Amino acid sequence: MKLKFLSWCALSVMLLASSCSSPKTVLPYFTDISDVKEGTLPKADYLPTIEPDDELYITVNSVNPSATAIYNLPLANPAYNWGFSENRIDKQMTYVVTSKGDINFPVLGTLHVAGMTTEQLREDLIKRLSKDVEDPMVNVALVNFKVNVAGEVKNPGQIELKGNRCTILDALTAAGDLTEYGERSNVLVIREENGERRFAHLDLNSSAMLNSPYYYVKQNDYIYVEPNSIRQSNSKYNQNNSFKLSVISTVVSAASVIASLVIALTVK
């Protein structure tokens, strides 16, 4: 009976330990200014430039719509199921920047747009069109602003961002923020720029990160949040000890069977 009682106690302790889990904690950013009640932070005057493979939405209008119709791409309807009477919404076609940085614009022909901001391209088109159209109104927007976020974030994957001035904080927020296991002092950003792959490590604990040229993300940036030491230790522990735990479980089971046999023989 004594052996049985000890076995029951051991099993209870194991179940209690397995049911316990550490509480989730929310870790802050910019710990270097967490105790400062008020102040100013640096602000960069940044606008992304148009790059090859970018997708642009460009429309031209004026007081006389018929005068600018020839400068707009035709409407497109990519999908239609014959036999269904559902309403279809036609959409304005977009321009995809070539590997040389050009677009083929109606009437104006080939235009080199790589290196321009959307505002600069808008002003350039207004200047060109004003020769033939009175008071042209041009709208230029980047429609494929996407980055990839991986690692210790809650929703890793490709993130589509709205607007032309998006920061790494915007990207991480769109990915659900870092998990409690994300290493905030070492976030890797990889980008293709001028034919090269460049990278930088950002420290989200430091407000100096706001001055980094990688603070504002660019199209197709890859952002990787490294796991912190706790996550790495847990992963290493699980890999190294899974076999040991299996062996221990087998030994405990065998010991339990032997103990049961011993008790049975003793009772007899």
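Aromatic pairs first. I'm working on a predicted model, and my count of aromatic pairs comes to 2. I looked up Tyr-95 and Phe-105: their rings are stacked, 5.5 Å centre to centre with 15° between the planes. That angle sits under the 30 degrees needed to count as stacked. This pair links distant parts of the chain, since Tyr-95 is in strand β4 (residues 95–96) and Phe-105 in strand β5 (residues 102–105), 10 residues apart.

Then I went to Tyr-215 and Tyr-216, which make an edge-to-face pair at 5.2 Å between centres and 75° between planes. Tyr-215 and Tyr-216 are buried as well.

Next, Asn-144. I found Asn-144 in the loop between β7 (137–142) and β8 (146–151). Is Asn-144 buried or exposed? I get a relative accessible area of 14% for Asn-144, so it counts as buried, the cut-off being under 20%. What does its side chain reach? The side chain of Asn-144 comes to 3.4 Å from the backbone oxygen of Asp-53. Leaving out residues up to four places away in sequence, I list Asp-53, Asp-54 and Glu-55 as touching Asn-144.

Gly-157 was next on my list. Gly-157 belongs to strand β9 (residues 157–160) and comes out partly exposed, at 27% relative accessibility. With residues up to four places away not counted, Gly-157 touches Val-147, Asn-148 and Val-149. I also took the C-alpha to C-alpha distance from Gly-157 to Tyr-222: 9.9 Å in space, against 65 residues in sequence.

On to the sheet. I traced an open sheet of 5 strands in the order β9-β8-β12-β10-β11, and the pairing is mixed. Which strands are at the edges? Those are β9 and β11 (196–202), each pairing on one side only. The twist from one strand to the next averages 25°. Inside the sheet, I see β8 and strand β12 (residues 222–227) running parallel, joined by 4 bridges. Val-149 has Ile-223 in β12 standing opposite.

I then looked at β5 again, for its pairing. β5 and strand β6 (residues 109–112) are antiparallel over 4 bridges, and Ile-103 has Leu-111 in β6 as its bridge partner. β5 and β6 make a hairpin with 3 residues between them, and in the turn I noted a positive phi of about 70° at Val-107.

Last stop, salt bridges. How many salt bridges does the structure hold? I have 5 in the structure, and I went through some of them.

Glu-119 and Arg-122 meet at 3.2 Å, N to O. Both are in helix α3 (residues 118–129), 3 residues apart, about one turn of the helix. Glu-119 is partly exposed at 36% relative accessible area, and Arg-122 is partly exposed at 28%.

Arg-191 and Asp-221 have their closest N and O atoms 2.7 Å apart.

Arg-197 and Glu-192 form a salt bridge with closest N and O atoms at 3.3 Å. I have Arg-197 and Glu-192 both down as exposed.

Key
Residues are numbered from 1 along each chain as its sequence is written. This is a predicted model: local features need pLDDT of at least 70, side-chain atom pairs count only at pLDDT 80 or more; totals for chains, interfaces and linings use all residues. Side-chain values use heavy atoms; hydrogens and water are left out. Rings of Phe, Tyr and Trp (its six-membered ring) pair if their centres lie within 6.5 Å; planes under 30 degrees apart count as stacked, over 60 as edge-to-face and the rest as tilted. Helices (H or I, at least four residues) and strands (E, at least two) are DSSP runs, numbered from the N terminus. Buried means under 20% relative accessible area, exposed over 50%, partly exposed in between (1.4 Å probe, protein chains only). A polar contact is a pair of N or O atoms within 3.5 Å; within protein, one must be able to donate a hydrogen and the other to accept it, and residues adjacent in sequence count only if both atoms are side-chain atoms. Contact means heavy atoms within 4.5 Å. Two strands pair if DSSP finds at least two bridges between them. Axes are lines fitted to C-alpha atoms, for helices over the stretch in contact, and angles run from 0 to 180 degrees between N-to-C directions. A salt bridge is a side-chain nitrogen of Lys or Arg within 4 Å of a carboxyl oxygen of Asp or Glu.
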